[in-house]
Amino acid sequence: DEIKAHFISKTAVYKNTRIWGEKMTNLNSGMSALLTPLEKEILIAFFLKIQIKREYLLERVLKINKDIETKTIESHLTRIRKKLLRIKSKIQISSKDDIFYLDG
């Protein structure tokens with residue numbers, strides 16, 4: 001799969017969804033939602049990698065030891081998923097085992 005994410009002056013775009021500053025916008029409808037700095041960092045990681053292991057998100061994005069039992073990743077992803085639905089984005093985040101996928 002070809003990754004169609006590009007970055008122009010701190011703007012991240014994947015499919016019909018753009019992240020610019022603290023805002024995520026559906027480029028087709030103009031609908032938008034605000035992202036926390038951590039949600040933005042997680043979503044940009046997905047734009048770059050498409051498929052991410054749970055331990056990568058914990059260690060590289062959240063700076064948490066992978067051996068610590070926490071549901072913080074799931075909490076952040078739930079909020080991001082709701083915001084993607086709210087703006088009617090074409091992309092979705094799914095998971096299987098300890099791997100998360102950007103679909104769309």
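This is a predicted model: local features need pLDDT of at least 70, side-chain atom pairs count only at pLDDT 80 or more; totals for chains, interfaces and linings use all residues.
Local features need pLDDT of at least 70 and side-chain atom pairs count only at pLDDT 80 or more, while totals for chains, interfaces and linings use all residues. Numbering starts from 1 along each chain as its sequence is written, and side-chain values use heavy atoms, with hydrogens and water left out.

**View 1. The largest nonpolar core has 26 residues.** Such a core is a set of buried Ala, Val, Leu, Ile, Met, Phe, Trp, Tyr and Cys residues joined through side-chain atoms within 4.5 Å; buried means under 20% relative accessible area (1.4 Å probe, protein chains only). Leu43, Phe46, Phe47, Leu57, Leu77, Ile93 and Leu102 touch the most other members. At least two residues each come from strand E2 (11–14), helices H1 (37–49), H2 (54–61) and H3 (72–86), and strand E8 (99–103). Helices (H or I, at least four residues) and strands (E, at least two) are DSSP runs, numbered from the N terminus. H1 gives the largest share, five residues.

**View 2. H1 meets H3.** Their axes (lines fitted to C-alpha atoms over the stretch in contact, angles from 0 to 180 degrees between N-to-C directions) come within 10 Å and cross at roughly 80 degrees. The two helices are therefore roughly perpendicular, a label for 65 to 115 degrees. Leu38, Glu39, Ile42, Leu43 and Phe46 from H1 face His76, Leu77, Arg79, Ile80 and Lys83 from H3 in this contact (heavy atoms within 4.5 Å).

**View 3. Ser89 sits in the loop between H3 and strand E7 (92–96).** Ser89 is buried, at 14% relative accessible area. Its side chain reaches the backbone nitrogen of Ile91 at 3.1 Å. Leaving out residues up to four places away in sequence, Ser89 touches Asn16, Thr17, Asn26 and Leu84.

Key. Buried means under 20% relative accessible area, exposed over 50%, partly exposed in between (1.4 Å probe, protein chains only). Angles under 35 degrees count as roughly parallel, over 145 as roughly antiparallel, 65 to 115 as roughly perpendicular and the rest as oblique. A polar contact is a pair of N or O atoms within 3.5 Å; within protein, one must be able to donate a hydrogen and the other to accept it, and residues adjacent in sequence count only if both atoms are side-chain atoms.
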